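Thank you all for making time this morning. Please have a look at it before I go on.

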Amino acid sequence: MKTETWIDMLAQGAGPAPHGQVMRRLVPVALLGLLFSAAVSLAVLGPVPAAMFQTPVPWMKLAYAGALAGAAGWLSAGLARPVARLRTPTHAVLAVFAVMTLLGGLAWWLTPTDDRLVDLMGHSWSTCPVSVLLLSLPSLAGGLWALRGLAPTRPRAAGLVVGLLAGALGAMGYALACVETSPAFVALWYTLGMVLSGALGAWLGPRVLRW
Amino acid sequence: MVDSAKHFDFETGLKPIWLRAQTGDEAAYREALRLIANRLRAYLRRRMQSLPDDVEDLVQETLLALHLQRGTYDPALPVSAWVLAVARHKLIDLWRRRGRQDALHDVLDDFGDGQLVAEGGNDHEARRDLGRLLDSLPEAQRLAIRLTKVEGLSVAEASQRTGASESAIKVQVHRGLKRLMALVKG
């Protein structure tokens with residue numbers, strides 16, 4: 001077929017370009033992923049005592065993971081396009097990590113020396129990152145599917161960031177079931193779980209994000 | 001210098017037409033795709049000197065990708081950058097399929113694209129016959145594409161002719177084109 005003919009075919013009855021193509025794929029996937037992680041976390045691990053919601057502890061975790069989900073979702077939306085402005089959303093992602101690291105460091109510094117290790121390791125350090133990772137897997141699969149239908153030209157970066165988004169959604173669900181109270185614990189182990197999900201995304205990105 | 005001036009011309013020439021095309025102006029879309037095809041041909045010829053026979057195939061494949069993904073264009077950014085980012089992605093994908101990652105290096109960076117554009121005239125025939133590939137699509141998709149894209153019926157007319165709803169026709173056309181992209185990639 002001649003290219004002229006092909007162009008005529010593509011243009012024929014093409015109509016206007018679809019609006020909000022990126023958001024229409026990413027937002028439902030993120031909401032479903034969050035729903036899944038919250039439901040599984042509550043059903044399998046069980047909710048934290050209701051009284052705990054009177055304290056800032058679960059809110060701190062939800063705010064951290066929620067802020068990362070927002071920033072990583074914003075950056076994913078950029079990486080889903082062939083060209084986009086990425087600087088501000090990249091800074092937003094880094095800022096979320098920086099703020100939590102500062103908070104965790106401050107809490108660590110304020111804790112008496114003898115209690116620091118117990119505080120940091122809690123009673124669930126060995127299961128927290130893995131739980132976050134497992135709870136994030138459906139979001140990761142959904143996020144990669146969403147990106148695959150869009151136009152990411154940097155598959156590794158796109159996989160990494162959508163993995164962080166999935167990790168954050170998994171962490172939000174996990175926060176509903178996690179009774180650890182120390183910001184230092186959250187800054188270390190939650191972050192590790194989310195970064196694991198990001199690493200898995202970065203590994204999968206070049207393999208599945210072909211279009 | 002000459003090269004960047006040419007890119008600038010491509011951008012300034014294309015942008016207003018492209019923006020009209022995005023709002024649904026079909027004549028502008030056709031014109032924009034023609035300008036883009038010429039630019040793609042130059043871009044790809046220069047980078048595919050070892051595969052000259054595949055250039056036109058990749059031009060057509062890139063045009064299809066641009067069409068399917070035109071919702072990902074952000075009007076605040078240059079349309080030429082968007083077009084070339086997709087072309088580059090398609091080129092990398094082609095090299096990977098051919099197992100020739102080393103060939104990605106732009107050996108001829110000191111040449112302007114213009115030096116390789118002139119030959120070939122306007123009659124750009126691809127090796128691969130997209131018409132034949134269209135025939136291998138599922139019935140509903142092939143019919144929707146034939147009616148709206150080849151016979152030139154409106155979506156409403158195609159809907160009347162087939163009894164399918166208008167949105168079903170649109171979905172079949174889009175799915176068919178996506179499927180075609182998968183077939184093209186082999």
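Predicted model: local features only at pLDDT ≥ 70, side-chain atom pairs only at ≥ 80, totals over all residues.

Read from one end of its sequence to the other, chain B follows the pattern α-α-α-α-α-α-α-α, that is, eight helices and zero strands. Residues are numbered from 1 along each chain as its sequence is written, and chains are lettered from A and ligands numbered from 1 in the order in which they are written.

Of the 186 residues of chain B, 37% count as buried. Here a residue is buried if 20 or more other C-beta atoms, placed from the backbone, lie within 10 Å of its own, exposed if there are 12 or fewer, and partly exposed in between. Among the contacts in chain B between residues at least 6 apart in sequence, 62% join residues at least 24 apart, and two residues are said to be in contact if their C-beta atoms, placed from the backbone, lie within 7 Å.

Let me now take helix 4 of chain B, which covers residues 79-98. Does the distance between its ends or some other length come out at 28 Å, and what should we expect for 20 residues? At 1.5 Å a residue, the 20 residues of this helix should span 28 Å, and its end C-alpha atoms are 29 Å apart, which agrees; the expected span is 1.5 Å times one less than the number of residues. Several residues of helix 4 of chain B are buried, among them Trp82(B), Val83(B), His89(B) and Lys90(B). Ala81(B) is also found in this helix, but with 14 C-beta neighbours inside 10 Å, Ala81(B) counts as partly exposed. Ala81(B) and Glu11(B) are 70 residues apart in sequence, and yet their C-alpha atoms are 8.6 Å apart in space. After helix 4 of chain B comes Gly99(B), whose phi is positive, near 65°.

Leaving out residues up to four places away in sequence, Arg39(B) touches Phe10(B) and Val83(B).

We can turn to chain A, whose secondary structure comes to eight helices and zero strands. Of its 211 residues, 48% count as buried, and its C-alpha atoms fill a box of roughly 75 × 35 × 30 Å, taken along the principal axes. Residues 24 or more positions apart account for 87% of the contacts in chain A with a separation of 6 or more.

Within chain A, the axes of helix 3 (residues 57-79) and helix 4 (residues 87-110) come within 8 Å and cross at roughly 160°, where axes are lines fitted to C-alpha atoms, for helices over the stretch in contact, and angles run from 0 to 180 degrees between N-to-C directions. That makes helix 3 of chain A roughly antiparallel to helix 4 of chain A, since angles over 145 degrees count as roughly antiparallel, under 35 as roughly parallel, 65 to 115 as roughly perpendicular and the rest as oblique. The residues where these two helices meet include Tyr64(A), Trp74(A) and Leu75(A) in helix 3 of chain A and Val93(A) and Met100(A) in helix 4 of chain A. By class, that contact divides into twelve nonpolar, two polar and no charged residues, with Ala, Val, Leu, Ile, Met, Phe, Trp, Tyr, Cys and Pro taken as nonpolar, Asp, Glu, Lys and Arg as charged, and the others, Gly among them, as polar.

Finally, where the two chains touch, the contact takes 28 residues from chain A and 40 residues from chain B. The largest share of the side of chain A, seven residues, comes from helix 1 of chain A. The axes of helix 1 of chain A and helix 2 of chain B come within 9 Å and cross at roughly 145°, and the residues in this contact include Ile7(A) and Leu10(A) as well as Tyr29(B) and Leu33(B).

Note on methods. Helix = DSSP H or I, 4+ residues; strand = E, 2+ residues; numbered from the N terminus.
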